[in-house]
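Q: I would like to learn how to read a protein model feature by feature. Could you take me through this one, giving the general idea before each case?

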Amino acid sequence: MNARFSLLIWSAVWLCLPASAQREEATTRDARFRQTVEEKFADWVELRRDIHRHPELSNEEKRTSALVAERLKALGLEVKTGVAKHGVVALLKGQSEGPCVAVRADMDALPIKELRSTPYRSQNPGVMHACGHDVHTTCALALAELLHRHKDQLRGSVKFLFQPAEEAMPATFQGDWGAKLMVAEGAMESPKPIAVFGLHTAAIVQPAGTTDDDVHYLKAGQIGYTPGIDNANSDRFHITIHGKMAHGSAPHKGVDAIAVAAEAIMALQLIKSRQTNTRQPLVISIGTIQGGQRENIIAEKVEMGGTVRTYDAAFRDSVIEQMHRVLKGTTEAHGARYEMDYRKTYPSIINDRKLVEATLPSFRRLFGSENVLELIPGMGGEDFSFFAQVVPGFYFRLGVANEEKGITAGGHTPLYDCDEESIKTGVLALAAAVCDSLAAATVK
Ligand SMILES: [Zn+2]
Ligand SMILES: [Zn+2]
């Protein structure tokens, strides 16, 4: 049976099914998936602990990547390694022909010393899975194993995107990395998926309708989502202010780069409060500053590094222009000059509204409506956006908090951890998202 004919048959069968029968089919499938998840859970916890014990920094994910490729090959999947350095792309074909849906999992860890004393704590000193990418990798591998066992439920294929270097490379790094490089190397082609899903662990979130003052935990068993804009354009800049050196006792003979930098920093903050529409979210943060040689020398040079966060792409461009204007004005006013190296690092993740709407019923069916929470978008950055720029994407949060187990710390901190029960939720959520979107696509 050729692919098109098979697709037609599936579509005809699916269309003929009344809505209640479709729901019943999904519910039967959920029960089968749950059973497999329970059977395999202990193995997946061990897998997660293995990855957690051996965290690797961005673009150094050799061991993790080898482990991923080995497990996927053991399932008989088509596996491509060495994508964007240590990325792995694999294709799982269902029993019937149909479109392809992609799932992304990032694999890298952070330069943080782990402080929680668990049996699975990091064995790589100063490196830690403090962003939950160990759980992301586990969920995607577990998904491959689950769907491999239930291939009959798959109307098409699933592309797995195991990604290196999500946490970004140092500012001195030249070239592209992570998701952007995977896309450039063709990870989203042959076959091109119709949608891409990704999850991210979260312990603390801000649900829609709440204020920043309260702490809200996203518990294991819960899912969080945003219906459109999910996070920010995340950029970096490096500014150098050039003055003129002089004796500290005779500042009039030089140009004090430190005094000019101080004025420039304050003026940059006025962009947000006085020069842009207050309805447009904007963050300009300066995180590093270095300058001067000695207490009695007028500094010749100051270097500053920082980040800019916005949602809108055109607004982002206008902010860059305003930064140049402010820097030019403040430096010229004092006889100094400046250089700014501004890099657009990660574009904002914008979830596809239709895909979100189509997926939420699956999540509510599986976990109950009370456990599927709409969230307020944050100003963080994530390079899942590069995949979601190619095809419609849905990036959601996987709750990992558990107050009774003392798992309440936020990401990128030395106490971060994930309640392993969340692996079950992650696998089931991804499996439903994939199967339902493939089934829906064959109807069109
Ligand atoms: Zn992170
Ligand atoms: Zn992360």
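A: Let us begin with pairing: two strands pair if DSSP finds at least two bridges between them. Helices (H or I, at least four residues) and strands (E, at least two) are themselves DSSP runs, numbered from the N terminus. This is a predicted model, in which local features need pLDDT of at least 70 and side-chain atom pairs count only at pLDDT 80 or more, while totals for chains, interfaces and linings use all residues. Residues are numbered from 1 along each chain as its sequence is written, and chains are lettered from A and ligands numbered from 1 in the order in which they are written.

Q: Which residue in β14 does Thr240 stand opposite, and in which sense do β9 and β14 pair?

A: Thr240 stands opposite Glu339 in β14. The pairing of β9 with β14 (residues 337-346) is antiparallel and extends over eight bridges. Strand β9 (residues 233-242) is also joined to β13 (residues 301-310), again running antiparallel, by ten bridges, and there Asp235 has Val308 as its bridge partner.

Q: What is the strand order in the open sheet of eight strands, and which are its edge strands?

A: The order is β1-β2-β4-β3-β5-β16-β8-β15, and the pairing is mixed. At the edges lie β1 (78-83) and β15 (372-374), each of which pairs on one side only. From one strand to the next the twist averages 25°, where angles run from 0 to 180 degrees between N-to-C directions and axes are lines fitted to C-alpha atoms, for helices over the stretch in contact.

Q: How many bridges join β5 to β16, and how is β16 paired with β8?

A: Strands β5 (residues 195-202) and β16 (residues 393-399) run parallel and are joined by seven bridges; Val196 is partnered with Gly393, and Leu199 stands opposite Phe396. Between β8 and β16, by contrast, the pairing is antiparallel, over two bridges, with Ile223 partnered by Leu398 of β16.

Q: How many residues of β16 are buried?

A: A residue is called buried if 20 or more other C-beta atoms lie within 10 Å of its own, exposed if 12 or fewer, and partly exposed in between, with the C-beta atoms placed from the backbone. By that count, seven of the seven residues of β16 are buried. Gly393, Tyr395, Arg397 and Gly399 point one way from the strand, whereas Phe394, Phe396 and Leu398 point the other way.

Q: Are Asp212 and Thr408 exposed, partly exposed or buried?

A: Asp212, in the loop between β6 (204-205) and β7 (216-217), counts as exposed because it has 7 C-beta neighbours inside 10 Å. Thr408, in the loop between β16 and α10, has 16 other C-beta atoms within 10 Å and is therefore partly exposed. The C-alpha atoms of Thr408 and Ala202 are separated by 9.6 Å, although these residues are 206 apart along the chain.

Q: Which residues touch the most other members of the largest nonpolar core?

A: A nonpolar core is a set of buried Ala, Val, Leu, Ile, Met, Phe, Trp, Tyr and Cys residues joined through C-beta atoms within 7 Å. In the largest one, of 87 residues, they are Val103, Leu143, Leu430 and Ala431. Helix α10 (residues 422-441) gives the most to this core, with 13 residues. A second, separate core of 22 residues includes Ile239, Val260, Leu268 and Val308.

Q: At what angle do the axes of α4 and α10 cross, and what is the angle for α8 and α10?

A: Two packed helices are described by the angle between their axes and the distance between the axes. Angles under 35 degrees count as roughly parallel, over 145 as roughly antiparallel, 65 to 115 as roughly perpendicular and the rest as oblique. The axes of α4 (residues 133-149) and α10 come within 9 Å and cross at roughly 55°, so these helices are oblique to each other. The axes of α8 and α10 also come within 9 Å, crossing at roughly 135°, and this pair is therefore oblique too.
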